[in-house]
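Open the structure in your viewer and keep the selection tool at hand. Each stop below says what to select and what is there.

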Amino acid sequence: MVGDICVRGIGKAFPAEGGGLHPVLEHVEFVIHDKEFLVLFGPSQCGKTVLMEILAGLTAPDSGSIQREDGTPLSTGDLCMVFQKYALFPWKTCLENVALPMKFRGIPRRARQEKAMAFLELVGLKGFEHKYPRHLSGGMKQRVAIARAYAKECPLLLFDEPFGALDAQTRLQMEEELLRIWQREQKTVVLITNSIDEALLLGDRILVLDGAPASILSEYDLRDLPRPRSLSHRDILALRQTILSNSSLDSNRQKEVERRG
């Protein structure tokens, strides 16, 4: 358990063509509450993935800090990240892919195989434990990646647009599956997306990231909206319109977000 996580004053810039720096993030501040499902929503190329990589410790910020509520730094052992690309080892079976984090922690072979089987069953892949990634559909591969993330048994899970490469029907199924697993396992989840519908279906809170350089534009609390949610519900429709109209997205960028979503 890591408790609440405080993200304070995060800034990041990269070298620009022709010299100088290109600022991507500027004074990004928010709190990740313990066991919540937090969604970072914003258009493509707004810096969401850079922010996620900073949260994961893969990229160092130029300014700011990420700390637990008691002031201690967040460590890589506290978290696991699921990427849009499945990042599975093609020469390992589903069972071996899921068991790998436990192998690195020194868990005995029999125990890690039993736990890996349980996580595969959790994501609906019982019977596929000895299949290789090449035998799986895109949605099934992402289920394996999610099972592996849970197998690491970290209190914080980071999802970097995990369903962006899936077709619409599979994406909806995976969103429902992820929500079911989160409700059962009670981990803290942070997910980034450029799909407003995905954000509305999944999030306890939605933080809108936008601008150049990007910062947190607005925050929306959805914890009073019961689950499962329907995109046709009047409260969801009203909130959808509010989020889009209060963002800095122009109509062309809104269309792009919806097309990619």
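This is a predicted model: local features need pLDDT of at least 70, side-chain atom pairs count only at pLDDT 80 or more; totals for chains, interfaces and linings use all residues.

Residues are numbered from 1 along each chain as its sequence is written, and side-chain values use heavy atoms, with hydrogens and water left out.

**Strand S3**

Select residues 37–41, strand S3. Helices (H or I, at least four residues) and strands (E, at least two) are DSSP runs, numbered from the N terminus. Five of the five residues of S3 are buried, so the strand is largely enclosed by the rest of the structure. Buried means under 20% relative accessible area, with a 1.4 Å probe and protein chains only. Phe 37, Val 39 and Phe 41 point one way from S3, and Leu 38 and Leu 40 point the other way.

Two strands pair if DSSP finds at least two bridges between them. Opposite Leu 38 you will find Val 190 of S7.

**Strand S5**

Move to residues 79–82, strand S5: Leu 79 and Met 81 point one way, Cys 80 and Val 82 the other way, and all are buried. Strand S6 (residues 156–160) pairs with S5 in the parallel sense over four bridges. Leu 157 in S6 stands opposite Cys 80.

**Helices H2 and H4**

Select H2 (residues 94–104) and H4 (residues 138–151). How do they pack? Their angle is about 25°, and their axes, lines fitted to C-alpha atoms over the stretch in contact, are 8 Å apart. That makes H2 roughly parallel to H4, the term for angles under 35 degrees. Where they meet, the H2 residues include Val 98 and Met 102, and those of H4 include Val 144 and Ala 147.

**The cores**

Which residues touch the most other members of the largest nonpolar core? Among its 52 residues, they are Ile 146, Ile 206 and Ile 243. H4 gives the largest share of this core, eight residues. A nonpolar core is a set of buried Ala, Val, Leu, Ile, Met, Phe, Trp, Tyr and Cys residues joined through side-chain atoms within 4.5 Å.

Finish with a second, separate core of 29 residues, including Ile 32, Leu 51, Leu 55 and Ala 214.

How values were computed
Buried means under 20% relative accessible area, exposed over 50%, partly exposed in between (1.4 Å probe, protein chains only). Axes are lines fitted to C-alpha atoms, for helices over the stretch in contact, and angles run from 0 to 180 degrees between N-to-C directions. Angles under 35 degrees count as roughly parallel, over 145 as roughly antiparallel, 65 to 115 as roughly perpendicular and the rest as oblique. Contact means heavy atoms within 4.5 Å.
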